[in-house]
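Here's a quick briefing to read alongside the model. Have the sequence and the 3D view open as you go.

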Amino acid sequence: MTKSLRALLIASTAATGMAFAGAASAETMKIGITQNNVGVDSYQTTYEKAFIEAADANADVETVVLDAGGDVARQIAQMEDLIQQEVDAIIIWPTNGEAVIPAVRKAHKAGIPVIVTNSNIAEQGFDFVKSFSGPDNITQGKRSAEIMCDKFKEMGIENEAQVVHITGQPGYTTAIERAKGFDDRLPEVCPNVTQIDKQPGDWNREKSQKVMEAFLVKYDDIDGVYSGDDNMGVGALNAAKAAGREGIIFVGATNFAVGYEAMERGEYWGSIYQSPVDDAKAALKTAVDVLNGEEIPFLNYFDTPKITQDNMAEFDKPVF
Amino acid sequence: MADVTDKTEARTSGPRESGMNSFNLAGAGRLLARQGILVAFAVFMIGFTLANERFLDPDNIMGVIRSSAILGVMALGVTFVVISGNLDLSVGSMMSFATIVVLDLHDKIGPALAIPGMYAMVLCLGAFIGFLVGYLKLNSLIVTLGMLSAIHGLTLTYSGGKNMDIADKEGTWFSVFGQSDVLGIPVPILLFALVASVLGILLAKTPFGRKVYAVGGNGTAATFSGIRRARVVFTCYLLSAFCVATAGLLQASRSLGSQNTVGQGLELEVLAAVILGGASLLGGSGTIFKTVIGVLILGFIQNGLLLVGLQFYAQYVVTWIIIILAVWLDIAAKRGKLWSPIA
């Protein structure tokens with residue numbers, strides 16, 4: 001369905017582009033986006049839907065929505081297509097933070113502002129990028145540490161608690177940044193809490209469950225588990241439930257529907273609310289602001305608040 | 001009379017357990033030599049136990065076997081395909097498909113219908129691959145590599161890219177396959193053992209099993225002996241699909257929710273387990289029992305390294321070293337020398 005919708009959009013934008021060729025109206029902005037891999041997970045699927053809706057709602061914006069299918073070569077080709085089509089701005093969700101830099105540079109040289117969305121490209125490409133719009137993963141890691149520490153204080157175990165840490169896929173920027181934020185912040189807020197082990201769960205629920213099973217065998221006393229996202233967090237929770245270990249505080253990030261439900265059941269303590277809808281809207285708004293000549297920070301983060309069992313009523317259940 | 005023919009057949013084409021009946025030292029030595037992989041397994045188990053005494057904790061052992069069961073069931077089916085001289089690289093994405101489908105159908109038509117529905121769909125995929133490889137004689141590497149991404153696409157189309165979760169996780173009996181115990185033994189282990197026993201007997205003790213070895217050992221000779229090659233290959237892929245469906249059932253029941261990529265990369269782990277067990281990629285050799293050992297070695301390596309607490313960058317390297325060591329020990333035991341006399 002999204003495929004045909006996308007094809008339709010491409011076709012229609014191409015057609016209007018041709019119709020208005022020569023007499024291009026200065027009113028509408030033409031914004032192209034090349035996404036990482038729509039359809040591979042719920043986050044990206046929801047992101048695309050929200051992006052198209054937000055663009056439709058704005059009469060001044062015309063979009064070309066493309067998806068690289070996780071393929072770097074295809075993404076570079078799409079960047080070149082967008083440059084050829086002379087769009088006013090390009091939004092890119094990099095398939096690879098390094099490999100796309102030459103294509104980004106090409107767009108920059110052609111005078112087209114580039115906005116990076118969701119995950120940033122490598123630093124040597126920053127000169128060619130107008131703005132990065134996305135979540136601040138280091139802050140997310142820090143906030144998760146704070147959520148966990150606050151809960152330990154409430155329980156009165158902030159001086160002896162032991163924490164294990166399940167990270168995302170090694171080498172993945174989001175995983176590295178969240179882990180760093182958590183590792184740095186926890187000793188600041190709860191200096192007597194010890195992190196006794198850290199292993200990757202590869203963003204995978206089953207893998208995370210295996211890792212947690214090993215932790216449970218290895219350590220008799222685990223008070224808290226921090227996972228790089230809720231999907232892995234729920235895997236760890238399943239392991240603890242199967243082993244009959246109770247009273248462990250689970251904190252994650254990127255609140256998924258499964259995490260939200262586990263919070264409703266009182267089994268999972270907290271997470272970071274990161275909405276793909278906000279992510280998509282922020283990317284589009286950043287592009288529009290750039291084209292309107294407004295001053296925007298290079299790192300244009302959208303807010304990702306803390307969510308716990310205490311305040312979850314303020315948030316809608318995530319759709320992914 | 002029947003007894004005699006059975007033995008000769010086992011000697012020539014079947015699993016080589018013929019040393020069993022002579023209980024002298026030489027016989028035992030020969031047996032040991034043939035089971036080099038068992039020696040390797042024992043060595044690693046002792047090594048990990050020395051590194052962390054909790055490794056041999058019954059809960060841990062049970063946990064490892066339980067989580068290996070999913071990979072294990074898939075490896076059983078792939079063993080048939082590999083012995084018949086073909087490959088199956090599609091099992092990983094097929095398992096994702098099975099998991100997503102059964103979870104989706106669970107909420108739509110109830111678990112009692114969802115399970116047979118899912119099996120039927122996965123068997124259709126297996127039959128399709130079997131048709132292409134068996135009857136059209138297409139190269140199995142290309143066919144199943146293609147199916148690896150085709151089925152992944154199918155899964156994503158089916159689910160629209162969304163995670164699939166059962167709505168009422170507490171109130172469904174569907175969780176029995178993945179989460180409950182019978183007589184203190186987790187159901188996934190029991191199912192794994194059941195499928196392994198049935199397929200083990202099928203492979204080692206029936207005419208069909210002997211045909212699988214014959215087709216993989218020398219296809220032309222098999223044809224001239226009146227074996228219908230295409231049918232045997234087709235059936236092997238059906239068996240593989242059946243095993244994948246069972247693995248998907250275990251996976252779905254264990255977590256009651258799933259990502260679209262749950263089985264991604266498993267095809268290589270499965271193949272590693274089968275080859276580790278001593279099956280030849282060229283076909284014609286391998287047994288279900290050895291595949292089970294291969295699966296357990298992989299499972300215990302993963303778990304052992306976690307318990308040792310090695311940095312995970314190092315784990316990738318160490319896993320590889322252990323696999324190579326195991327294969328070496330197996331080969332060395334078979335030829336009675338650490339390295340080949342012919343350079």
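A residue counts as buried if 20 or more other C-beta atoms lie within 10 Å of its own, exposed if 12 or fewer, and partly exposed in between, with C-beta atoms placed from the backbone. By that rule, buried residues make up 48% of the 343 residues in chain B. This is a predicted model, where local features need pLDDT of at least 70, side-chain atom pairs count only at pLDDT 80 or more, and totals for chains, interfaces and linings use all residues. Residues are numbered from 1 along each chain as its sequence is written, while chains are lettered from A and ligands numbered from 1 in the order in which they are written.

**Chain A**

**Chain B fold**
- Chain B has 15 helices and four strands, taken as DSSP runs numbered from the N terminus (helices: H or I, at least four residues; strands: E, at least two).
- Two residues are in contact if their C-beta atoms, placed from the backbone, lie within 7 Å.
- Among chain B contacts between residues at least 6 apart in sequence, 77% join residues at least 24 apart.

**The core**
- A nonpolar core is a set of buried Ala, Val, Leu, Ile, Met, Phe, Trp, Tyr and Cys residues joined through C-beta atoms within 7 Å.
- The largest one has 174 residues, and B:M74 and B:V244 touch the most other members.
- Domain 1 and domain 2 of chain A both contribute residues to this core, so it lies between them.
- Not counting residues up to four places away in sequence, B:V244 touches B:M74, B:G77, B:V91, B:M94, B:M95, B:A98 and B:V122.

**Around B:F97**
- B:F97 sits in helix α5 (residues 91-109) of chain B.
- B:F97 counts as buried because it has 28 C-beta neighbours inside 10 Å.
- Leaving aside neighbours within four places in sequence, B:F97 is in contact with B:V122, B:I151, B:L154 and B:T155.
- B:F97 and B:G263 are 166 residues apart along the chain, yet their C-alpha atoms are separated by 8.5 Å.

**Where the chains meet**
- The contact takes 25 residues from chain B and 25 residues from chain A.
- On the chain B side, α4 (58-83), α12 (229-255) and α14 (288-308) each give two or more residues, and α4(B) gives the most, with four.

Note on methods:
Domain bounds come from an automatic or database domain assignment.
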